[in-house]
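Hi there,

Here is the structure I promised to pass on. Have a look at it first, and then read on for what I found.

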Amino acid sequence: MPTIYETLRADIVTAMKARDSAAALALRTADAAIQRAAMDTSKPIDDALVTITIRKAVKNLVDARAEFEKGARADLVSSTTTEIAILEKYLPKAFDPEKLEALVIEAIAATGAQSKKDMGKVIGALKARPEAPLLDFGTVSKLVQAKLP
């Protein structure tokens with residue numbers, strides 16, 4: 001089974017052959033960001049790096065889309081929405097809420113966290129888990145805050 005990065009690279013070629021400039025541009029931009037992240041961290045390109053990089057790109061695009069909506073730029077909102085949809089195909093499916101909550105409760109118990117001051121310990125424990133690249137830490141952070149007094 002090909003890695004996420006191999007799939008993305010193959011899809012770049014497919015988009016270019018199909019003359020789908022929007023998809024080609026979005027995928028080539030993501031590819032460049034992944035390669036830059038690999039060079040910056042001096043790590044090989046693996047699924048975790050690809051997932052983190054694409055998740056960051058999608059978050060930036062969502063933020064940009066919100067700004068474009070405020071500025072009444074429908075053309076940019078449309079192109080940004082298209083780019084988000086293209087990139088989200090490469091992100092793993094989100095954890096279901098029950099499983100995510102169970103992971104958070106387990107991490108709170110394992111770290112002995114008592115208050116929101118201990119939130120860093122809990123997040124650190126979750127980042128050390130093998131499924132960390134699949135977690136959206138924005139959602140995790142809100143869930144941890146809700147669970148700690």
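Let me begin with helix H7. The buried residues of H7 are covered by, among others, helix H5 (97-111) and helix H6 (119-127). Helices here are DSSP runs of H or I with at least four residues, strands are runs of E with at least two, and both are numbered from the N terminus. H7 itself spans residues 137-147, and Val140, Ser141, Leu143 and Val144 are its buried residues. They sit on the same side of H7 because they cover an arc of only 165 degrees around the axis, the arc being that of the directions from the helix axis to the C-beta atoms. The face turned away from that buried side carries Lys142 and Ala146, both exposed. As for the terms, buried means under 20% relative accessible area, exposed means over 50%, and partly exposed is in between (1.4 Å probe, protein chains only). As a reminder, an α-helix has 3.6 residues a turn, so residues three or four places apart point the same way.

Before going further, a word on the source: this is a predicted model, in which local features need pLDDT of at least 70 and side-chain atom pairs count only at pLDDT 80 or more, while totals for chains, interfaces and linings use all residues. Residues are numbered from 1 along each chain as its sequence is written, and side-chain values use heavy atoms, with hydrogens and water left out.

Now the chain as a whole. Its secondary structure comes to 7 helices and 0 strands, so to speak in DSSP runs, and from the N terminus on the elements run α-α-α-α-α-α-α. The C-alpha atoms fill a box of roughly 55 × 40 × 30 Å along the principal axes. Of the 149 residues, 32% are buried. The chain exposes about 9400 Å², and carbon and sulfur atoms supply 58% of that; areas come from the Shrake-Rupley method with a 1.4 Å probe, and for residues only the protein chains shown count as cover. Among contacts (heavy atoms within 4.5 Å) between residues at least 6 apart in sequence, 55% join residues at least 24 apart.

Next, the cores. A nonpolar core here is a set of buried Ala, Val, Leu, Ile, Met, Phe, Trp, Tyr and Cys residues joined through side-chain atoms within 4.5 Å. The largest one has 19 residues, of which Leu8, Leu27, Ile54, Val58 and Leu87 touch the most other members. At least two residues of this core come from each of helix H1 (4-17), helix H2 (21-41), helix H3 (47-70) and helix H4 (74-88), and H2 gives the most, with 6 residues. A second, separate core of 16 residues includes Leu103, Met119, Leu126 and Leu148. In soluble globular proteins, nonpolar side chains tend to be buried together.

Leucine 87 touches Ala26, Ala30, Ile54, Ala57, Val58 and Leu61. Leucine 8, in helix H1, counts as buried because its relative accessibility is 0%, and its partners are Leu27, Ala30, Asp31, Ile54 and Tyr90.

What does aspartate 31 touch, leaving aside its neighbours within four places in sequence? Its contacts are Tyr5, Leu8, Arg9 and Ile12. Aspartate 31 is found in helix H2 and counts as buried at 8% relative accessibility. From leucine 8 to aspartate 31 there are 23 residues in sequence and 7.6 Å in space, C-alpha to C-alpha.

Arginine 19 lies in the loop between H1 and H2, and serine 42 is in the loop between H2 and H3. Phi of arginine 19 is near 55 degrees, a positive value in a residue other than glycine, and phi of serine 42 is likewise near 55 degrees. Most residues other than glycine have a negative phi. Arginine 19 is exposed, with a relative accessible area of 76%, and serine 42 counts as exposed at 66%. Lysine 93, in the loop between H4 and H5, is exposed as well, at 74% relative accessibility. The C-alpha atoms of lysine 93 and leucine 134 are separated by 7.9 Å, although the two residues are 41 apart along the chain.

Best wishes
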